[in-house]
Amino acid sequence: MSEHKKVAILISGGGSNMVTLAKSMTGDHPGRPCLVLANSADAGGLAKAADMGIPTAVVDHRPFGKDRAAFEAELVKPILAAGADIVCLAGFMRVLTAGFVSHFEGRMLNIHPSLLPKYKGLHTHARAIEAGDAEAGCSVHEVTPLLDDGPILGQATVPVVAGDTPDSLAARVLIQEHKLYPAVLRRYAAGDRTQVLLP
C-alpha cells in the first residue's frame, strides 16, 4: 500500500461532515486526516477532532475584517505545515478567493447542500421548496475559483415531501451528505474522479 494521502478538513461549526469523513479514513482507505482547521475557536467540531486525535488549528477570520487575502495567507499556513495532499471543505462558511484556491487546484473538495448547478450559495433548501422541486439533495464538487462551481464528483438526491420546511429537508439531506462525502473522498484520494451517484 502506498503512503496515505493527507487530508485537511476545514470547518466553521459542529463539524458533522468532518466527523464522518475522519471516521471513514481507516483500514484500506487511501486517505488519513492530518488537520482540522476552523475559522472560529467556537467551532464545535474542534473538540470532536481533538477527541479523535486529529491535530487542530484555528485561524479566526474576524481580525482580518474584509481583507480576505490576509486571512487566507494565514489560513494556508497550517494546511501547508500539515503537508495536506487534499483539502476538504466541510461546512466552511468563508468564501475563498482564487488566490487561495489556486494553491490547492485539483486537490480541494466541497460539499454543497443542493443538486448543483441549482441553488449555488445560501438558503438552498428554502429555495428548492419555494421552486416546487420534487427532489433536493447534495453535491460534492472540486473547488474552483467560482463559488459552488467546478466539476461535480458526486450527488445524492432526497425527495421533497409535502409539508417540508427548510429544516426538515436539511436534516434529510444531511443524512445523505454523510454517505456521499466519504464515498467521494475515498475515490478521489485513490485518484478516481468518477462520479458517485446515490439514490
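Analyst: Helices (H or I, at least four residues) and strands (E, at least two) are DSSP runs, numbered from the N terminus. This is a predicted model, where local features need pLDDT of at least 70, side-chain atom pairs count only at pLDDT 80 or more, and totals for chains, interfaces and linings use all residues. Residues are numbered from 1 along each chain as its sequence is written, and side-chain values use heavy atoms, with hydrogens and water left out.

User: How do you know that β6 and β7 pair?
Analyst: Two strands pair if DSSP finds at least two bridges between them. Seven bridges join β6 (residues 135–142) to β7 (residues 152–159), so the pair qualifies. The two run antiparallel. Ala 136 stands opposite Val 158 of β7.

User: What makes β7 and β8 partners?
Analyst: They share three bridges, in the parallel sense. That meets the cut-off, so they pair. Gln 155 faces Leu 197 in β8 (residues 196–198) as its opposite number.

User: Which hand does the β-α-β unit of β7, α6 and β8 have?
Analyst: It is left-handed. A crossover is right-handed if, with the strands pointing away from the viewer, the path from the first strand over the helix to the second runs clockwise.

User: Why are β3 and β8 said to stand at the edges?
Analyst: Eight strands form an open, mixed sheet in the order β3-β2-β1-β4-β5-β6-β7-β8. β3 (56–58) and β8 each have a single partner strand, so one side of each lacks a neighbour in the sheet. Neighbouring strands are turned by 20° against each other on average, direction ignored.

User: Which residues make the contact?
Analyst: Contact means heavy atoms within 4.5 Å. From α1 come Ser 16, Asn 17, Thr 20, Leu 21 and Ser 24. From α6 come Leu 174, Glu 177, His 178, Tyr 181, Pro 182 and Leu 185. They divide into five nonpolar, five polar and one charged. Here Ala, Val, Leu, Ile, Met, Phe, Trp, Tyr, Cys and Pro count as nonpolar, Asp, Glu, Lys and Arg as charged, and the others, Gly among them, as polar.

User: What stands out about Pro 117 and Tyr 119?
Analyst: The peptide bond from Leu 116 to Pro 117 is cis, with omega near 10°. Tyr 119 has phi near 55°, a positive value in a residue other than glycine. Pro 117 is found in the loop between β5 and α5 (124–130). Tyr 119 is in the loop between β5 and α5.

Terms used. Axes are lines fitted to C-alpha atoms, for helices over the stretch in contact, and angles run from 0 to 180 degrees between N-to-C directions.
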